[in-house]
Amino acid sequence: MSGDPAELIAGVPSRLLIGGTWTDAAQGRTFAVENPATARKIASVADADASDASAALDAAVAAADHWAATPPRQRAEILRTAFDLLQDRRDDFALLMTLEMGKPLAESDAEVTYGGEFLRWFSEEAVRITGRYGVNPEGTGRTIVTRHPVGPCYLITPWNFPLAMATRKIAPALAAGCTVVVKPAELTPLTTLYLAQLMIDAGVPDGVLNVITTSAAKQTSASILTDPRLRKLSFTGSTPVGISLLKQAADQVLRTSMELGGNAPFLVFDDADLDEAVAGAMLAKFRNMGEACTAANRFLVQESVTEKFARRMADRAQELKVGDGTEPETRIGPLIEAKAIRKVQDLVNDARTRGARVVTGGETLDRAGYFYQPTVLRDVPAEAHLTSTEIFGPVVAITPFSDEDEAVRLANDTPYGLVSYVYTKSLARGQRMMERLETGMMGLNTGVISNA
Ligand code: NAP
């Protein structure tokens, strides 16, 4: 690889992958892909409509029986080869993600590691598909549970982790013997197209993996979701879209996997190691510019250490170099689009109006692209909109609490339950928090808990 963006993008497929063939959209339409660091177009890709989506599902259906009957060892080897190829093409994938999504190169490289792990993990799982054997309650018979591929799956991914969200869905489906149609986000289709080429190179047979890119997600998806041949929908994205898709899936009684939004509380107790808490908070907040479902959204800090914590976070935030993710010293890249900047600015303004104090930041950057200053707010009142909304930006919102009960009450005061973070030196308290916080995952004295 040359490291030259134009050369890299010229080598990325720009058409739909249907039945093993790169295909133009039926209407011949394309849409533009932009680099959020420059707000300039970097590529055009095929713009699928409902007929293209149906063709992709036709291909997935046609390949389903053969793929389901392919020996698990063979499926495992293909996924393992894909993992190896990804290591070989690591720098290309990292640069491509930075170009279409904006995250700093070092973080894109980390995503190659994270995303690759799904290929490796599920290559190992493909040959460990087990069942169950039991005695029925009457003692008159035996029950045998066996696992079968569910059949063609529709996989919809978001823009914030363009590689990892695709491998997290494709790898388990292929390992299980299912064929798939993948629809990446309109804002970041290139990484998925490049991944599809890699999967072909790894030996994925025609029709097993199909990719449609589109600027009309709803209409294009509808033709697949209403097709009785579809067996499963797997979606990662925002909660409102997830709710709408669950309703559509209900009409077909589809199996679904939903990975939706978050509003993670980050709790710092007065017995925490403050240096570690600040280091963890920096990761939990500023990784991916705050554009992660697992991003810390609300910092709940015990009153006696709020001042110190806010000051140290502000010092660290001011050190973060904001810029184009391709520049080596950049720590904070652009947000994904102009709309995202407006949303973050509105949330910060609302918090200010309600009494929050800006310790640092609080403004957009006056340059091309979609940049927002790393921001620290303190004394954020519970009524501020950013306590109930996914901020999805580099904004630390600190609210003080007096004791453990108040911390738990504030932390649980949300309909989201994806993840939480707790900093305390007390193991007993850490264990209590695991019981009391209503989240699916809890990081204890750590700011990152995503892994395969
Ligand atoms: P989004 O707007 O919900 O979009 C996600 C995907 O759904 C995109 O591919 C999008 O296509 C598609 N889509 C949108 N409306 C659709 C419809 N009516 N029918 C079918 N498909 C539709 O979310 P996003 O802004 O891309 O991603 C950020 C969200 O993802 C955040 O809420 C974040 O928390 C969540 N997320 C969750 C996890 C997790 O593991 N829980 C991981 C990462 C992200 P278009 O791009 O063309 O609109």
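This is a predicted model: local features need pLDDT of at least 70, side-chain atom pairs count only at pLDDT 80 or more; totals for chains, interfaces and linings use all residues.

Entry 1, helix pair. I looked up helix H3 (residues 72-88) and helix H5 (residues 105-125), and I found them packed at an angle of about 160°, with their axes 7 Å apart. H3 and H5 are therefore roughly antiparallel to each other. The crossing in which H3 passes H5 is left-handed. From H3, I listed Ala76, Leu79, Arg80, Ala82, Phe83 and Leu86 as making the contact. From H5, the contact residues are Val112, Gly116, Glu117, Leu119, Arg120, Phe122 and Ser123. Sorted by class, the contact of H3 with H5 has eight nonpolar, two polar and three charged residues.

Which residues have the most contacts inside the largest nonpolar core? I found Ile170, Leu174 and Met199, in a core of 59 residues. Another core, of 55 residues, lies apart from the largest one, and its members include Met101, Trp159, Phe299 and Ala317.

Where is Leu260? I placed Leu260 in the loop between strand S11 (255-259) and strand S12 (264-268). Leu260 and Ser238 are 22 residues apart in sequence, and I read 5.2 Å between their C-alpha atoms. Not counting residues up to four places away in sequence, Leu260 touches Ser238 along with Phe235, Gly237, Thr239, Gly242, Cys293 and Leu418.

Definitions and conventions. Residues are numbered from 1 along each chain as its sequence is written. Side-chain values use heavy atoms; hydrogens and water are left out. Axes are lines fitted to C-alpha atoms, for helices over the stretch in contact, and angles run from 0 to 180 degrees between N-to-C directions. Helices (H or I, at least four residues) and strands (E, at least two) are DSSP runs, numbered from the N terminus. Angles under 35 degrees count as roughly parallel, over 145 as roughly antiparallel, 65 to 115 as roughly perpendicular and the rest as oblique. A crossing is left-handed if the near helix is turned anticlockwise from the far one by less than a right angle, and right-handed if clockwise. Contact means heavy atoms within 4.5 Å. Ala, Val, Leu, Ile, Met, Phe, Trp, Tyr, Cys and Pro count as nonpolar, Asp, Glu, Lys and Arg as charged, and the others, Gly among them, as polar. A nonpolar core is a set of buried Ala, Val, Leu, Ile, Met, Phe, Trp, Tyr and Cys residues joined through side-chain atoms within 4.5 Å. Buried means under 20% relative accessible area, exposed over 50%, partly exposed in between (1.4 Å probe, protein chains only).
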